[in-house]
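Hi,

Here is the structure I promised to pass on.

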Amino acid sequence: MENKSNKNLEVAVLGGGCFWCVEAVYRHVKGVKNVTAGYAGGATVNPTYATVSTGETGHAEVVKIEFDPEIITYADLLHIFFTVHNPTTLNQQGADVGTQYRSMILYANAHQREVAEKVITELSGQKVFDQPIVTKLFPLEQFFPAEEYHQRYFEKNPNAAYCQLTVAPKVAKFRAKFGNLYE
C-alpha cells in the first residue's frame, strides 16, 4: 500500500510486541494507507534496533498506521490490535520479553485517548481476556522509523521461521475475525 496524498488521513501508533507482526496485520486492513515499523515511548533520540533491543532506551517496537477514518475507525483499529496480540502480559509477547515489547497505545489527541479508554473498558467488562489488560496509554511525543530492513519484513521474508511460526498466525487470526476489513 503506497502512502497516498490525502489530507484526511489520521495516525495511530500502537505497540503490541514485535513490530513485524503488527505491521503485517495492518498492511491488510481496508482504509489503512501506510504502515511504518518504528520506535516510540522512550527518551533516546534516533534509536536503532540494536539500542532498543537492550531495553535501556525506554522505547518500544511500534507501528505508525496512517488511515482514512472515513473507511476505518480508530476504534476498529484498536479492536484489531487487541485481537492480534496479548494485552495481558506485561513487557512480553510470547518468547519476546522486555519493555521494548510492551503493549501500548500512543494517542495523538484527546479523542484517541477517550476511544482507547472506552475500548479497554468495554473489553474488560466483557471479560474477553482471562487476565486484566495491562496496555498502557501515553501521549504520542515522537516516532522514529525503524531501519529499512524492518519495513515490510513479513512481505519480504514470508518463509523465515519466525514469520511462519509467529507472524503468519497473527495475520490469519485477523483475517478470520475481521474478514470484512481484510484487504
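Predicted model: local features only at pLDDT ≥ 70, side-chain atom pairs only at ≥ 80, totals over all residues.

Below is what turned up, starting with the aromatic rings and moving on to the cores and helices.

Aromatics first. There are eight aromatic pairs in the structure. Take W20 and Y153: their ring centres are 3.6 Å apart and the planes make an angle of 5 degrees, so this pair is stacked. W20 belongs to helix α1 (residues 19–26) and Y153 to helix α5 (residues 153–156), so the pair ties together parts that lie 133 residues apart in sequence. W20 and Y153 are both buried.

F81 and F82 make another pair, this one edge-to-face, with 5.1 Å from centre to centre and 70 degrees between the planes. F81 is buried at 0% relative accessibility, and F82 is buried too, at 4%. Elsewhere, F19, Y39 and Y49 are joined into a cluster by ring pairs. There is also a charge over a ring: R175 sits over the face of Y182, 4.2 Å from the ring centre.

Now the cores. The largest nonpolar core has 43 residues, and the members that touch the most others are Y26, I65, L77, L78, I80 and F82. Apart from it lies another core, of seven residues, including V13, V62, L106 and F143.

Which residues does T83 touch, leaving out those up to four places away in sequence? They are K173, K177 and F178. T83 itself is in helix α3 and counts as buried, since its relative accessible area is 11% and the cut-off is under 20%.

Last, the packing of α1 and α6. Their axes come within 9 Å and cross at roughly 40 degrees, and the crossing is right-handed. On the α1 side the contact is made by W20, C21, A24 and V25. On the α6 side it is made by Y162, T166, V167, K170, V171 and F174.

Cheers

Note on methods:
Residues numbered from 1 in each chain as written. Heavy atoms only, no water. Phe/Tyr/Trp six-rings, centres within 6.5 Å; stacked < 30°, edge-to-face > 60°. Helix = DSSP H or I, 4+ residues; strand = E, 2+ residues; numbered from the N terminus. Buried < 20%, exposed > 50% of the residue type's maximum accessible area, 1.4 Å probe, protein only. Lys NZ or Arg CZ within 6 Å of the ring centre and 35° of its normal. Core = buried A, V, L, I, M, F, W, Y, C linked by side-chain atoms within 4.5 Å. Contact = heavy atoms within 4.5 Å. Axes fitted to C-alpha atoms, helices over the stretch in contact; angles between N-to-C directions. Left-handed = near helix turned anticlockwise from the far one by under 90°.
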